[in-house]
Every structure is written in structure tokens, then in C-alpha cells.
Amino acid sequence: MASAARGAKRRPAISRKMLILLFASLSCVIVLLLLSLFRFHSPKPSISVSRVFDGPPKIAFLFLVRRNLPLDFLWDAFFQNGDVSRFSIYVHSTPGFVLDESTTRSQFFYGRQISNSIQVLWGESSMIQAERLLLEAALEDPSNQRFVLLSDSCVPLYNFSYVYNYVMVSPRSFVDSFLDVKEGRYNPKMSPKIPREKWRKGSQWITVIRKHAEVIVDDDVIFSVFKKYCKRRPPIDTSKGKLNLKLQKQHNCIPDEHYVQTLLAMHGLESELERRGVTYTLWNQSTTKMENKGWHPVTFSYSNAGPQRIKEIKDINHVYYETEYRIEWCHSNSTSVPCFLFARKFSQGAAMRLLSQEVVNHFEVSALLATPA
């Protein structure tokens with residue numbers, strides 16, 4: 001009995017040891033499980049972690065082009081007027097296209113094409129993916145603090161110093177953005193990931209600060225919704241007869257006119273924007289929604305790119321947004337400024353005229369006679 005009694009007294013001590021060991025084992029399992037879940041489900045890290053850099057902050061000029069740069073001679077004069085330590089250049093062109101002495105007049109563009117370019121089709125999500133690839137490449141350099149997206153028909157309206165100071169002095173991004181209430185581009189299937197009240201429209205030619213560039217590159221959710229539901233309506237085809245009526249009822253969504261604006265609105269960043277762009281475009285208002293060509297920007301030729309026309313563009317100091325009854329007075333860091341630093345679409349003849357007027361720098365037009373093949 002005594003022996004049995006002693007055995008009974010020991011049982012609680014043994015049970016406590018077992019419970020301690022069991023608790024410790026379960027704790028280890030839980031910790032390992034949580035670590036595993038965090039590793040596989042944590043958000044994608046930002047492209048650029050360190051913001052420490054040597055030298056002055058740079059503007060990254062991002063050229064989204066079809067193949068080559070037909071206005072490279074004008075940009076060459078623009079960059080010659082600048083400080084090479086204050087800018088960098090990135091070009092998204094046709095996959096495999098190389099910028100060298102045989103394809104561009106300007107040494108500034110040699111080898112500046114990004115290596116992972118894709119085939120881009122107008123009105124498709126490949127356009128915004130190309131923009132994201134340019135931003136991703138530029139974010140690898142921590143000294144790039146402003147990012148300017150440009151087309152192959154864009155021209156500068158001022159010299160480098162003016163553009164640099166204008167963009168750098170402002171802590172905000174310049175993004176043309178407004179409520180889209182007139183056109184049926186919002187697809188209800190985008191909800192709830194993109195609610196109707198966050199849907200925005202604007203020009204794709206943006207100028208953004210580094211923080212916003214990182215938001216664009218790091219995004220997976222909104223981009224995937226755009227790929228699935230934001231698609232261009234097929235053009236009218238008379239051979240399809242009554243089928244056209246059905247096709248024209250589809251949502252006509254142009255991804256590059258909505259993506260950045262909607263993404264930044266979704267992130268609650270509109271208070272960090274100047275909600276207007278810095279690239280001027282004159283739209284052809286003689287067309288209608290039912291015409292095959294739709295709305296397209298006017299191309300400036302030599303004859304309509306004279307000093308008076310350029311002065312008129314430079315004198316614009318506000319933009320009116322009809323859907324919001326909003327007048328956006330143009331400011332940079334609370335200082336009143338001209339609205340536009342760049343303009344499009346300019347032909348080669350129009351660009352030559354800008355050079356002869358010394359808009360960006362003194363330049364001899366005769367130098368254009370030796371053009372690359």
C-alpha cells in the first residue's frame with residue numbers, strides 16, 4: 001500500500017513534465033507553421049528598398065516607342081543642354097531592337113533599350129505592361145527620383161534646366177486624372193476589386209515621384225483585373241452587318257487611359273498628385289465615337305509648329321475637367337507655372353522647326369543631313 005501510495009504521488013510530477021514537453025513541441029510546430037504561411041503569403045517586396053544614393057537626384061526619361069526614335073536629334077540637343085549627372089534614359093522598343101550608331105543620331109540613346117521589352121499593341125494591356133517594365137528598370141537606380149513617360153512623338157518645350165527644376169521642386173506626381181462618367185468603359189465585373197467610385201481616366205503620359213513609381217511596379221491585383229476586363233471594343237466592320245450592334249455594346253476600355261489613375265486612387269494617393277499632366281495633346285474633335293478611327297491626337301507639322309503656336313501652348317495656365325466641373329490651375333510646389341513641359345504629336349519637320357527656333361538649345365538644322373540608315 002505504501003508503495004502504491006508513493007507511486008500515486010509521483011504521477012502528478014510525471015504528468016507535468018509530459019505537459020511541458022508537449023506544450024514546447026506544439027509551440028515549435030505553431031511557430032514553424034506561421035513562418036511558412038508568412039513566407040508564401042506575404043506581400044511582394046518593393047523594388048527599391050534603399051533610397052541612399054550619391055550625387056544629385058535624377059529624372060529618368062522613359063521613352064515608349066514603336067521602334068526607333070524619329071525625334072532623337074531634338075532630344076540630343078535637349079540633353080546636350082543638361083547635366084549628365086541629373087538624368088538617365090530608358091527606352092522600350094520592339095523586342096530585339098538595338099539603339100546604336102546605325103539606328104540613332106544621338107549617343108545619349110546608345111544601348112539604352114531595356115532588355116525585357118515586349119510586343120505592344122495599342123488599346124491592350126501590353127501597353128501598361130511596357131510602362132511598368134520601363135519603371136521597373138529605372139527603379140534599379142536609387143538616384144532616379146522622378147520618372148517621365150514619353151512617346152516617340154513627344155518634344156520638350158523648354159530647355160533641360162527649366163524641366164529639371166520644374167519637376168524636382170515639386171513633391172507631387174503630375175498625373176492627368178478625372179472622373180470617367182460619360183463613357184461606358186467601367187466594367188461592373190471589376191467590382192469589388194475596383195469599385196465604381198475609384199474609376200478614373202486620364203492621359204498615359206505621366207510624371208511620377210519614386211514612391212508612386214514603386215506602387216505601379218509592385219501592383220499585381222489591379223493590373224490583373226485590367227488584363228481581364230479592360231479591353232478595347234472592336235472597330236466597326238460593315239461586313240458583319242447586325243453583329244456590329246452587339247459588338248458596339250461591349251465596354252470600350254483603353255487600359256493605358258485608366259490604369260495609373262485608377263491604381264493611385266485605389267491606394268488613396270490622389271492627395272499626393274497634381275491632377276493634371278505636363279504633356280500637351282491636341283485632340284481631333286471632328287471625329288465621333290461611331291467612326292472607325294475614333295479620337296486621335298493631332299500631329300503637328302512644320303507649318304503649324306511656328307513660334308506663335310508654341311507660345312500659345314506655353315501660355316496655358318489651367319486645365320478644365322468637365323466631368324468634375326474642376327479647373328486645375330497649374331502649380332509646382334504651390335508656385336504658379338505654365339501647365340506643359342512637353343507636347344505631342346510632332347512630326348520630324350515640326351521638330352526641326354523647334355530646333356531652328358532654339359526652343360531647347362542652339363542647333364544647326366544642316367546637321368540633320370547625315371542621318372542613320
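Modeller: Let's start with a term: a disulfide is a pair of cysteine sulfur atoms within 2.5 Å. The model here is a predicted one, and it holds 2 disulfides.

Biologist: Happy to begin there. What makes cysteine 230 and cysteine 253 a disulfide?

Modeller: Their sulfur atoms are 1.8 Å apart. The cut-off is 2.5 Å, so the pair of cysteine 230 and cysteine 253, at 1.8 Å, counts as a disulfide.

Biologist: Why is the disulfide of cysteine 230 and cysteine 253 called left-handed?

Modeller: Look at the torsion about the S-S bond: for this pair it is about -80 degrees, and therefore the disulfide is left-handed.

Biologist: And which parts does the pair of cysteine 230 and cysteine 253 tie together?

Modeller: Cysteine 230 sits in the loop between α6 (221-229) and α7 (243-247), while cysteine 253 sits in the loop between α7 and α8 (259-266), so the bond links parts that are 23 residues apart in sequence. Both of these cysteines are buried.

Biologist: Why are cysteine 330 and cysteine 339 called buried?

Modeller: Buried means under 20% relative accessible area. Cysteine 330 has 2% relative accessibility, so it counts as buried. Cysteine 339, with a relative accessible area of 0%, is buried too. Cysteine 154 also has 0%, and therefore it is buried.

Biologist: What pattern do the disulfides of the protein follow?

Modeller: Counting bonded cysteines along the chain, the pattern is 1-2, 3-4.

Biologist: Now the backbone. Tyrosine 325 has a positive phi; what is its value, and where is tyrosine 325 placed?

Modeller: Its phi is about 50 degrees, although tyrosine 325 is not a glycine. You will find tyrosine 325 in the loop between β11 (318-321) and β12 (326-329).

Biologist: Why is tyrosine 325 called exposed, and asparagine 333 partly exposed?

Modeller: Exposed means over 50%. Tyrosine 325 has a relative accessible area of 71%, so it is exposed. Asparagine 333 has 39%, which falls between 20% and 50%, so it is partly exposed. Asparagine 333 also has a positive phi, about 55 degrees, and is not a glycine. Its place is the loop between β13 (331-332) and β14 (335-336).

Biologist: Which peptide bonds are cis at proline 192 and lysine 345?

Modeller: One joins serine 191 and proline 192, with omega of about 10 degrees; proline 192 lies in the loop between β6 (178-179) and β7 (200-201). Another runs from arginine 344 to lysine 345, with omega near -5 degrees. Lysine 345 belongs to the loop between β15 (342-344) and α10 (348-356).

Biologist: Last one: what makes helix α5 mostly covered?

Modeller: Of the 9 residues in α5 (residues 210-218), 7 are buried. Among them are His212, Ala213 and Ile216. The buried residues of α5 pack against several elements, including α3 (126-139), β3 (144-151) and α8.

Conventions: Residues are numbered from 1 along each chain as its sequence is written. This is a predicted model: local features need pLDDT of at least 70, side-chain atom pairs count only at pLDDT 80 or more; totals for chains, interfaces and linings use all residues. Side-chain values use heavy atoms; hydrogens and water are left out. Helices (H or I, at least four residues) and strands (E, at least two) are DSSP runs, numbered from the N terminus. Buried means under 20% relative accessible area, exposed over 50%, partly exposed in between (1.4 Å probe, protein chains only). Contact means heavy atoms within 4.5 Å.
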